[in-house]
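User: I am new to this structure. Please take a close look at the nonpolar core and tell me what builds it.

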Amino acid sequence: MKNLLLYSIFIFLITSCSSPKKEDTKDNSKDTTSEHTDTNPTPEKEHPKKKKETNKEVDSTYYYDPSISILSGTLKEEEFYGPPGYGESPDKDSKEKQYILYLDNPINVKREKQSDTYFEAKNKQEKITLIPSNSTSTFKHKIGKSIKVKGKLFPAETGHHHTDVLLGDAQLVK
């Protein structure tokens with residue numbers, strides 16, 4: 001019995017040490033891009049036997065306004081509680097509908113190095129609120145579909161903002 005217990009512990013240790021870490025197994029292919037000037041100074045060399053599809057790997061870091069970002073994901077329209085209590089008094093609170101983009105891949109957002117504004121970096125953002133540049137009708141017809149949008153990222157500032165990061169002046173990209 002004692003030997004069986006030791007053998008089980010030994011097998012557990014071997015399998016836990018030899019199994020790949022979560023970071024090593026994640027899918028690094030990204031369909032999101034950002035139009036910023038910072039680039040990774042030491043890009044990783046592609047393994048010669050990897051398929052060309054992996055060339056789409058892009059840095060998942062994006063920058064707040066004034067940078068223009070292009071993001072892709074699935075568009076949903078969600079309803080949130082608004083004023084006066086933002087959910088604390090549901091019977092009295094108004095309801096706000098917003099377009100939420102569920103990103104294909106999580107992103108990190110930070111301020112530009114030369115920017116004089118201070119915005120807190122936000123990591124692993126999986127969804128963002130879209131603030132349309134003009135007509136919302138273009139988004140209304142894309143609910144439930146995979147889309148690409150461009151605009152300027154900014155952090156949540158008021159009770160009307162229901163995600164940590166928002167995309168202002170959002171426009172569909174073809």
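Analyst: From the N terminus on, the chain's elements run α-α-β-β-β-β-β-α-β-β. That comes to three helices and seven strands. Helices (H or I, at least four residues) and strands (E, at least two) are DSSP runs, numbered from the N terminus.

This is a predicted model: local features need pLDDT of at least 70, side-chain atom pairs count only at pLDDT 80 or more, and totals for chains, interfaces and linings use all residues. Residues are numbered from 1 along each chain as its sequence is written, and side-chain values use heavy atoms, with hydrogens and water left out.

Now the core. The largest nonpolar core has 18 residues. Such a core is a set of buried Ala, Val, Leu, Ile, Met, Phe, Trp, Tyr and Cys residues joined through side-chain atoms within 4.5 Å. Buried means under 20% relative accessible area, exposed over 50%, partly exposed in between (1.4 Å probe, protein chains only). Leu 71, Ile 128, Leu 130 and Leu 153 have the most contacts inside this core. Strand 3 (68-81), strand 4 (95-110), strand 5 (122-132), strand 6 (146-155) and strand 7 (165-172) each supply at least two of its residues. Strand 4 gives the most, with five.

Take Leu 130. Leaving aside residues up to four places away in sequence, Leu 130 touches Leu 75, Tyr 99, Leu 101, Phe 139, Ile 147, Val 149, Leu 167 and Ala 170. Contact means heavy atoms within 4.5 Å.

Of the contacts with a separation of 6 or more, 66% join residues 24 or more positions apart.
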